[in-house]
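Subject: Structure handover and notes

Hello,

Below is the structure I said I would pass on. My notes on it follow.

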Amino acid sequence: MIVGIYLVVVLALKFNSSVSEMPQPDINWAVIDIPVLLIVSLSVLTVVGGGTAYKVAELSGGGNTVASQLGGRRLQPNSTDPMERRILNVVEEMALAAGTPVPPVFVLDAEPGINAFAAGYTVDDAVIGVNRGTIEQLNRDELQGVIAHEFSHILNGDMRMSIRLIGILHGIQLLALIGYFILRASHFRGSSRDNKGLPVILIVAVALLVFGSIGLFFARVIKASVSRQREYLADASAVQFTRNPEGIGGALKMIGASVVGSQVTAPQAEVASHMFFANMFRQQLFGWLSTHPPLERRIKAIDPRFSGDFKEYLRNRKTGTILAEKKPRKSTKAKSQSLKPPLITPGGFGGIFTPGEAGSRFPIDPVMVIAAIGLPTDEDAEYSQALVESLPESIAQAARDAYSARCLAFAIVINAGGDQAQERQLEIIRQHEGAGTEQATRELLIEVAKLPAQFRLPVFEIMQGTLVGISANQYATFRKAIEDLVVADSKVSLFEFFLQHHLIVHLDRHFGHKTVAPMKFNSIYALQSEIMIVIGVLVKAGHQDENEAAGAYAAAMNVLKQPWGSAKQLQSLKFTNNTLAESLDRIAAASPSIKKQVLLAAAQAIIHDGKVTVEEAELFRAISESLDCPVPPVVAGQLKGET
């Protein structure tokens, strides 16, 4: 665009000088006019860059902004409408299986087609959007396939790239729009006497319009090409996530069988077309501008036996033939009735839920745990579904209601036992939130005291998806209350600290109190004290014996290949809640490779004695989430001769 506009400007200058009374300059086309090139370059980059920055800033609200611009209506987490409840449950289960906060769900009520999207910058501001036709026409397995596809975009960072693509397209389009408006304005100056410079202006305006349009065309080609490749990856991830190819495959076949297909008619739909589950337009320009691969090709990649007859699938679906051919799934309801702490086998994930109580120990493979980050499996999804069904009704309802979710968070933070510290904390809640909130919190304390360890982190993930719906003023009051509760209670457990830190950090990002820290650290040496604190805290929490703790600490530092693992260094570690929070924030700003090393060292620390307690496993998950590396709930099978 810069080169084309530069050549046109030089031509315009030559033309203007030839028709004027001034001496005609000798323009040598073989020599670049540096001043003109600089002016053109800076002008083009300023317009495109400024337009991009403006659009990205406009979308800084994350997924909520995108969904609202598309006409989405947010579903309340405690909705009792059967169709809305089904999609909310599916999203909730997929989020817990991925180890991420539960994102808000938006429905595009005016869209009868089958389509969906994920939008946002990070998991903190991500939303899931679905067309009304999606929740009305798809069964639960097909919905799971679609939502698993969208979670792949969330976990693989596609959402941030998608929003940046929207910004770049807007910036390039702005260049063409400027040319268009200049041409329109020049129409009204046509009768003016003083129009000596008008030809130059017209030539430049045409250049802006032409080259801006050409640039926009190629930008859309690039956008479509990138999007098509990411769609193949998301399809494959969805199959891995659900282990049910007929889920996402069936959803794609339903699009082919539907009269309206995956059409989206919202005015802003075109700029966000690459975010959707399926192509909202017919194949454009031989597929160059299609943001998704052809429907048949996507289905063939999932189901090579597909004949291409969409109506046949619809007939078989109605008669139940397809369901009969599927591998029978385990009874989630039966599993949920005897749900036990999640485990992991040395060889990987899978199997059945095993008996065990809090404090029981089981083998774990740290390499497999690290490999699971961002790669949830069908076992994780089944476990999460069973976990949601196993939640006490009072806890589940409270976690999904904006008012009660705050009370539930307070109840988890507060000390149990009815001692003086608890009464002081309840008085703090009364001062901040009123007597009604204090009484509701007091009632939930009884249920929270009975909540097993493996439920607490998922409950916080559900609560976060609910609390993003409160107002900024309500959040400010809630946040202050949490801070005062922590300060008032010197007995807060380490796991409770991580839960609070995780909840507040993610909500802070959503409400604009804090942004996701850019990557600052590429060297592990810059984070020596922070890593020592986090590993030391984990070691001391899981090993009461000083010798065992020293051995675990040394083993963890050996993974990092650093000489920081002496027993003396472990004993000298001093930290407070604030220093621990600051350490987590700084490590969260490290490169992915450093985070991986830290988590591998943490996993090595908790398995040093050969077994891992449920509390240690959940503490590890809480640390991982604080570092923006969500680990799926660990699912495992019955080991021969071991529990």
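Contact in these notes means heavy atoms within 4.5 Å. Axes are lines fitted to C-alpha atoms, for helices over the stretch in contact, and angles between N-to-C directions run from 0 to 180 degrees. Helices (H or I, at least four residues) and strands (E, at least two) are DSSP runs numbered from the N terminus.

This is a predicted model, in which local features need pLDDT of at least 70 and side-chain atom pairs count only at pLDDT 80 or more, while totals for chains, interfaces and linings use all residues. Residues are numbered from 1 along each chain as its sequence is written, and side-chain values use heavy atoms, with hydrogens and water left out.

Overall, the protein has 28 helices and six strands. Of its 643 residues, 54% are buried, where buried means under 20% relative accessible area, exposed over 50%, and partly exposed in between (1.4 Å probe, protein chains only). Among contacts with a separation of 6 or more, 77% are between residues 24 or more positions apart.

The sheet

Four strands make an open sheet with mixed pairing, in the order β1-β2-β4-β3. Two strands pair if DSSP finds at least two bridges between them. At the edges are β1 (73-74) and β3 (116-119), each of which pairs on one side only. Strands of a sheet pair through backbone hydrogen bonds, either parallel or antiparallel.

Strand β4 (residues 127-131) is parallel to β2 (residues 105-108), with four bridges between them. In that pairing, V107 is partnered by V130 and L108 by N131. On its other pairing, β4 runs antiparallel to β3, again with four bridges; here F117 has G129 as its bridge partner.

Five of the five residues of β4 are buried, so this strand is largely enclosed by the rest of the structure. V127, G129 and N131 are buried on one side of β4, and I128 and V130 on the other, which leaves both faces covered. Helix α6 (residues 140-155) lies across β3 and β4, at about 25 degrees to β3.

Two helix pairs

Two packed helices are described by the angle between their axes and the distance between the axes.

Helices α23 (residues 528-542) and α27 (residues 592-606) have axes that come within 9 Å and cross at roughly 25 degrees. They are therefore roughly parallel, since angles under 35 degrees count as such, over 145 as roughly antiparallel, 65 to 115 as roughly perpendicular and the rest as oblique. The contact involves I531, I535, L538 and V539 of α23 with V598, A601, A602, A605 and I606 of α27. By class, these are nine nonpolar, no polar and no charged residues. (Ala, Val, Leu, Ile, Met, Phe, Trp, Tyr, Cys and Pro count as nonpolar, Asp, Glu, Lys and Arg as charged, and the others, Gly among them, as polar.)

The axes of α18 (residues 420-433) and α21 (residues 472-488) come within 10 Å and cross at roughly 160 degrees, so the two helices are roughly antiparallel. Residues in their contact include R424, H432 and E433 of α18 and K480, D484 and L485 of α21. This contact has six nonpolar, three polar and four charged residues.

One residue

R220 sits in helix α8 (residues 198-242) and counts as partly exposed because its relative accessibility is 29%. Leaving out residues up to four places away in sequence, R220 touches L169, Q173, E270 and L289. T291 is 71 residues from R220 along the chain, with 8.8 Å between their C-alpha atoms.

Regards
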